[in-house]
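Here are a few notes to read alongside the model. Have a look at it first, then go through the points in order.

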Amino acid sequence: MEFQRRKNRTVTELEEEELLMKRRCISLLATAALVFGMCIADPMAGTAAQLEADEEGFVAGSCSLTVYPEDPDKEEADRFGEDLAEAGVVVDLYQIARAVKTSGNDTYHYELMPGYDLEIPGAEGDQAERDQQFAGSWEALAQQAAGIVLDENSPGIPVTGSGVPAGSRIEGLDAGLYLIVARGSELTEMSDYKMEIRQEDVTGEESVKIATIASSGQHSYAFLPQLVSLPAKPADADGVINTANPGDWLFDMAVNLKPERLSRYGALEIIKTLSEYETMGDIRESATFVFEVTGRMNDEVVYSNVESITFTAAGQESVILDRIPAGAQVTVTEVYSGSSYELTVPGDRTAVIAADSVVSVEFENVYDGRRTNGHGIKNQFVYDEEAGRWNWYSSPAQDAAGNQGEPPAGSRNE
């Protein structure tokens, strides 16, 4: 792909002009703003200097970057705090381009690294058009770069010093453009931490974006890959990094990510064993057992449901309840044990829900010798989003007005 660059007509050294012509580069205009979208960059105390070029024309000097999983200065109530810390966020850094000193100006332009066939915005049009194009395209460019870096068939190689815990300083970086990828420290396979999320823009239009995750016991944190350019100028009042901002070039930077927190869920399996079954000659009446399930976190009820299991013979049956918040402590009470059965071990059963897992509790009942011909019916109400109404189902199906019969496969109580 052919890349265009802005030619600097003040260059008098033909050798330098020839060198620049050979590079796949594009200008970082002094008036264009680099907007980080979901992350804000702030200067750290450290090296600050006017730009100089090394022998090869690249911006001279070593840079450093510290990436925090969230803004450490946020209000306590707005922090994810200890739960985010439990997720063990680490940072992988990928160099997308080198920074080439632009002769005659105190700025630089990019030379793309091998393998990054990207169009960096901000090369054409008048100043106002360039500013708008440059600022509005960085998120899209980050997504394009992430598509290259996070290609499972040909993944990118992080720079030396990557893979460190968030909040650690990554040193010895060449000046240039970098992609920040945050993930959980225990997630070493790309298939485990790469995901897609759906987002809506201000117009309501939905798009699918590449994201990466880190998970605690209760939540997952989704991070959009972000671009950062080193060195940079201090951010303005709106958090925008602009090479035309006043102040010296900052070679030491800090970036605060803004993850989206997602709930994690697990499932509960209730296993019921019926060691004996009530019969009256050749007649077998169904025996229904009813369970009340309550999940609590920090003394707050986060899940409540009633489920049943029906037998037509001795044996073992089970039911699985899903989408229970991870970390919830559930209490399962057998509130109805059939009209002629009793628990071998009385009392409730408890368990702690683990994310993306199924935990189980067990009950066993025996026949108490009475013949009562008792049975039960499970009522289930399922919301039909298209019709905008609740439908009533029962098992076994009841012949009653409004009843829809047996519940559809895969439906669950609401």
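1. A word on terms: buried means under 20% relative accessible area, exposed over 50%, and partly exposed in between (1.4 Å probe, protein chains only). With that, Arg-198 counts as exposed at 59% relative accessibility. Its salt-bridge partner is Glu-206, with the closest N and O atoms 3.5 Å apart, and Glu-206 is partly exposed at 45%. (A salt bridge is a side-chain nitrogen of Lys or Arg within 4 Å of a carboxyl oxygen of Asp or Glu.)

2. Before going on, the model is predicted: local features need pLDDT of at least 70, side-chain atom pairs count only at pLDDT 80 or more, and totals for chains, interfaces and linings use all residues. Residues are numbered from 1 along each chain as its sequence is written, and side-chain values use heavy atoms, leaving out hydrogens and water.

3. The whole structure has 11 salt bridges. One of them joins Glu-334 and Lys-272, at 2.4 Å between the closest N and O atoms. Glu-334 sits in strand 23 (residues 329–336) and Lys-272 in strand 19 (residues 265–274), so this pair ties together parts 62 residues apart in sequence. (Strands are DSSP runs of E, at least two residues, numbered from the N terminus.) Glu-334 is buried at 9%, and Lys-272 is buried at 0%.

Terms used:
Helix = DSSP H or I, 4+ residues; strand = E, 2+ residues; numbered from the N terminus.
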